[in-house]
Amino acid sequence: MPSPKARSSAARSGSAPCAGGNGRYEFISLNRTPPPHLLQRQGSDPTAARLRASESPSRRRGSGSSTSSTGGQQLPEEDCMKLNPSIVGIALSSLLAIDLWLSKRLGVCACEDASWGSMRPLMKLVEISGHGIPWLAGAAYCLYKSDSAAGQEVMLNLLMALVLDLVLVGVMKAVVRRRRPAQNRMDMFATFSVDGYSFPSGHATRAAMCARFLLAHLVLAAPLRVLVLLWATFVGFSRVLLGRHHVTDVAFGFLMGYWQYNLVEMLWLSPAMLQSTIGQLQ
Ligand SMILES: CC(C)=CCC/C(C)=C/CC/C(C)=C/COP(=O)(O)O
């Protein structure tokens with residue numbers, strides 16, 4: 001690290017520090033073209049490459065060469081871009097920083113020694129209530145036990161919805177590959193390999209989708225409807241309190257689950273459709 005003295009003299013002389021060979025910092029002038037070995041390194045630097053890619057096409061077209069002129073002075077193109085990070089980039093980094101900070105603060109049941117550690121067993125019960133296995137087993141059992149065509153149709157579609165949710169969340173987790181919070185203890189019951197990843201929360205998608213499904217297809221008294229909504233909300237919150245997820249994983253999970261229910265309605269399997277499909281297969 002440059003000493004404060006070195007940093008202030010660099011600021012006075014208009015030079016900027018950058019990591020040189022052997023882990024030492026070298027100083028390059030912002031007003032002059034840097035030596036060729038530094039230009040070469042910037043070209044292969046992934047951060048500089050990302051900044052280059054995020055620059056607007058019109059600016060890229062306009063620059064034309066590796067240097068741009070400001071008031072007659074030649075500025076290295078890479079330095080110009082480092083001074084102009086995109087607003088979207090800053091907004092996203094700020095959101096992620098707030099998300100990490102808030103998720104860490106809210107993970108109060110992440111282990112027994114945490115501030116609300118005594119609530120962890122209760123949170124784990126809430127976790128099981130939103131797990132895929134009890135929901136799949138419950139829907140399959142109700143389908144088997146149901147003696148009305150309407151009941152069978154609803155349960156069959158609930159099963160289809162649960163499988164669809166597992167697939168969509170699995171694909172999303174495998175694509176995004178966000179790590180779970182550092183405080184998470186991977187002691188969850190029955191997981192797939194993609195459940196090592198954090199985004200989005202599978203419990204939140206399932207809770208939102210199943211809550212919409214139950215409210216739309218079961219005739220429930222008002223207090224029970226409220227209970228369903230409270231359960232779904234609590235399942236989502238418990239993911240952050242247990243330290244399993246970031247706040248944005250759960251927020252996105254709720255949105256995704258809400259949207260998944262629309263998909264289930266679009267793909268709804270009716271007895272007539274099933275009979276014609278079976279008829280075509282025979
Ligand atoms: C019948 C069968 C193969 C069921 C698999 C059900 C299963 C293992 C679901 C995974 C549920 C789970 C642990 C999701 C992770 O939830 P997050 O909220 O931590 O993303």
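Trainee: Which helix gives the largest share of the lining of the largest pocket?

Mentor: Rolling a probe the size of a water molecule over the atoms shows where empty space is left. A pocket here is an open set of points on a 1 Å grid over the protein atoms alone, with protein on both sides within 12 Å along at least five of seven lines, and lining residues have an atom within 4 Å of a point. Helices are DSSP runs (H or I, at least four residues), numbered from the N terminus. In this case α9 supplies five residues, the largest share of that lining. The model is predicted, so local features need pLDDT of at least 70 and side-chain atom pairs 80 or more, while totals for chains, interfaces and linings use all residues. Residues are numbered from 1 along each chain as its sequence is written, and side-chain values use heavy atoms, with hydrogens and water left out.

Trainee: How many residues line the largest pocket, and which lie nearest its centre?

Mentor: There are 22, with L166, A190, F192, D195 and R206 nearest the centre.

Trainee: What takes up the space of the largest pocket?

Mentor: A molecule sits in a pocket if more than half of its atoms lie within 2 Å of the grid points. Here, the ligand's space is the largest pocket.

Trainee: Which helix gives the most to the shell around the ligand?

Mentor: That's α10, with three residues. Its span is 202–217.

Trainee: Which backbone atom lies 2.8 Å from a ligand oxygen?

Mentor: Polar contacts are pairs of N or O atoms within 3.5 Å. A backbone N or O atom of G202 lies at that 2.8 Å. The side chain of H203 has an N or O atom 2.9 Å from a ligand oxygen, and so does that of H245, at 2.9 Å.

Key:
Polar contact = N/O pair within 3.5 Å; in protein donor to acceptor, adjacent residues only side chain to side chain. 1 Å grid on protein atoms, 1.4 Å probe; cavity = no way out; pocket = protein on both sides within 12 Å on 5 of 7 lines; lining within 4 Å. Helix = DSSP H or I, 4+ residues; strand = E, 2+ residues; numbered from the N terminus.
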